[in-house]
Amino acid sequence: TIIDLVEPQLYDIPSVDDFHDIKPIEVIEEITLDNVQEVPVFPGCEREKTNQERKACMSEKINQFVSRKFNTGLGTDLGIKGVNRVYVQFKIDENGSVIDVKAQSSHPVLQKEGKRVIKLLPDMKPGKQGGKPVGGIYTLPIGFKVQD
């Protein structure tokens, strides 16, 4: 076996000034609506000025929407009694669309209904972080009572 020895070459060590044109890579992690700089704006909440007002308006509008669309009769059909909950999580993406809908409940039919209703939500004006549109995670508990 022959090994060629190569003389190491010395390179100029770059200085800090050589990197002035390089910008850092921006890493955007999943953001919850609790920590986004500007929350998404639900249709009908455009006149609200602060994040707190927009969040309250969005919560109210989503709750009204879900109350109208969610089939609470499913509880009776399934023979489920008392208070029932479906926990739904979804993302409002950088375009304002509802995506990645997930649901958890004591019954798969209720999970499916929770997903169905949330997928019907209208598009919104997206949230912003650093002035740029970003997606944000929203969690919604849906509760209803089945009368005996």
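This is a predicted model: local features need pLDDT of at least 70, side-chain atom pairs count only at pLDDT 80 or more; totals for chains, interfaces and linings use all residues.
Pro141 has 48% relative accessibility, so I put it down as partly exposed; the cut-off for exposed is over 50%. I place Pro141 in strand 5. Setting aside neighbours within four places in sequence, I find Pro141 in contact with Val86 and Tyr87.

I note an open sheet of 3 strands, in the order 2-1-5, with antiparallel pairing. Strand 2 (98–105) and strand 5 are the edge strands, each pairing on one side only. From one strand to the next I read an average twist of 20 degrees. Strand 1 and strand 5 run antiparallel and are joined by 11 bridges. For Gly82, I find the bridge partner Val146 in strand 5.

I then checked what packs on the sheet. Helix 1 touches strand 1 and strand 5, and its direction makes about 45 degrees with that of strand 5. Helix 3 touches strand 1, strand 2 and strand 5, its direction making about 155 degrees with that of strand 2.

Last, helix 1 itself. Residues 51–69 make up its 19 residues, and I get 26 Å from first C-alpha to last, close to the expected 27 Å. I list Arg54, Cys57, Met58, Ile62, Phe65 and Val66 as its buried residues. They lie on the same side of helix 1 because they cover an arc of only 160 degrees around the axis. Gln52 and Ser67, on the other side, are exposed. I have the buried residues packing against strand 1 (82–92), helix 3 (108–119) and strand 5 (136–146).

Technical notes. Residues are numbered from 1 along each chain as its sequence is written. Side-chain values use heavy atoms; hydrogens and water are left out. Helices (H or I, at least four residues) and strands (E, at least two) are DSSP runs, numbered from the N terminus. The expected span of a helix is 1.5 Å times one less than its number of residues. Buried means under 20% relative accessible area, exposed over 50%, partly exposed in between (1.4 Å probe, protein chains only). The arc is that of the directions from the helix axis to the C-beta atoms. Contact means heavy atoms within 4.5 Å. Two strands pair if DSSP finds at least two bridges between them. Axes are lines fitted to C-alpha atoms, for helices over the stretch in contact, and angles run from 0 to 180 degrees between N-to-C directions.
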